[in-house]
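Visitor: I have a structure to look at, and I would like to go through it with you step by step. Could you show it to me?

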Amino acid sequence: MLSAINLQQRSPPSMISLAGGAPNPNTFPFQLASIKMKNGQTLTFDETVMKRALQYSASNGIPELLTWMKNLQKNLHNPPTAGYAPENGQMDMCVTTGSQEGLCKVFEMLVNPGDNVLLDAPTYSGTLATLQPLGCNLINVPSDQHGMIPAGLKEVLSQWDPSEVHKPGSTAPRVLYTIPNGGNPTGASMTSQRKQEVYELARQYDMLIIEDDPYYFLQFDKPWAPTFLSMDVDGRIIRTDSFSKILSSGLRIGFVTGPKPLVDRVVLHIQASTMHTSTFTQLMVSQLLHSWGQEGFLQHIDGVIEFYRTQRDAMISSADRWLKDVAEWHAPSAGMFLWIKLKGIADTQQLIMKKALEKEVLLVPGGVFMINSSDPCPYVRAAFSLSTPEQIDEAFRRLSSLIKEAL
Ligand SMILES: Cc1ncc(COP(=O)(O)O)c(CNc2cc3ccccc3n(O)c2=O)c1O
């Protein structure tokens, strides 16, 4: 059906279509839309645009948003694959309903029951929730406050012979997942050196790397770290980006960037599920981005970075004030999370889900970010995105007292 709509959109006005099963927008109750921006601008949908905004659209995303994003990706990452032929893995993109949908579709496409999948735990609970039903075998790669440790990856991979990974029945892992900047929950950011070493190992064992990077635009210091996409000479990087932390989380706009043959298959999975991301939302964001231009977009990002840097600084100074003798942590250089190890506590689940609630302080017990959530975990995740510096300070005072009571 959607291909009929695509066909119609590309046909001359003289074409009369009785093909697409699309509803008639004249029956829709919505007439106009105007959205006031904080910078004084107004985004407007007149009657013609409104009819398009309320109608089905292409599964890979509306053209003007895709074009804008492809130009941004080329300017930010200069991917080697941008210049490749389509059949040789040319860089392509599609719009997804949040990067969460992108991750879900990519894993659906790549992972079969019994497959070995590599990732550095603790990791985003949403990814674990997507992977667990696929019946794959999650193998942890050692990591520290600078992200995945290449020597640890080499050690994990040493159980397979690189020359045999293509043999039928090989159990060698085909997929490696990581969050390279401002990791969730650890706040860890990978160095460029580590990324290059991990990429080389992925080449040796012919693996795809899923670069899940929603905090890329929340790196507090410049220059931003080179991405896996920027070093991808082989077309083995599938990158998920998100507008959630910089424009809006409720609008649900994300992107998958990768070699065209793989992006084409992600789009087929989208076609068979959500069909496409909201046309209205895509048009709204596209109008904003075209009015801002890349320079305006990056200026907006600078403002967002200053906000989260201030929040990070507040959380670190409160941690120094209240938690120094009962906990350990590393100050993140990106993202919105602090990963705190409570001293003398084997597992934080009970402490957080019971005692902390009594003390009226909410944190996330570290177990939910582990491959086996029942494994004891002495960590908690604290987000510095929503609370004020004053609230963060009071929350850590409460956390400090409940740890001391527990010891
Ligand atoms: C590493 C990594 N990858 C992908 C995503 C998905 O983001 P999307 O682009 O908005 O779909 C995320 C979002 N992470 C979270 C979301 C969330 C939503 C409601 C309530 C709590 C939430 N907590 O706690 C989260 O960490 C993420 O951290």
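Visitor: At what angle do helix α3 and helix α9 pack?

Guide: This is a predicted model, in which local features need pLDDT of at least 70, side-chain atom pairs count only at pLDDT 80 or more, and totals for chains, interfaces and linings use all residues. Residues are numbered from 1 along each chain as its sequence is written, and side-chain values use heavy atoms, leaving out hydrogens and water. Helices here are DSSP runs (H or I, at least four residues) numbered from the N terminus, and axes are lines fitted to C-alpha atoms over the stretch in contact, with angles from 0 to 180 degrees between N-to-C directions. The axes of α3 (residues 63–77) and α9 (residues 279–322) are 9 Å apart, and the angle is about 30 degrees.

Visitor: Which helix gives the most residues to the shell around the ligand?

Guide: The ligand is surrounded by 16 residues, where a residue counts if one of its heavy atoms lies within 4 Å. With 4 residues in that shell, the one that gives the most is the helix spanning residues 98–110, namely α4.

Visitor: How far from an oxygen atom of the ligand does a polar side-chain atom of Tyr-215 lie?

Guide: Tyr-215 is among the closest residues to the ligand. A polar contact is a pair of N or O atoms within 3.5 Å, and for the side chain of Tyr-215 the distance to a ligand oxygen is 2.6 Å.

Methods
Polar contact = N/O pair within 3.5 Å; in protein donor to acceptor, adjacent residues only side chain to side chain. Helix = DSSP H or I, 4+ residues; strand = E, 2+ residues; numbered from the N terminus.
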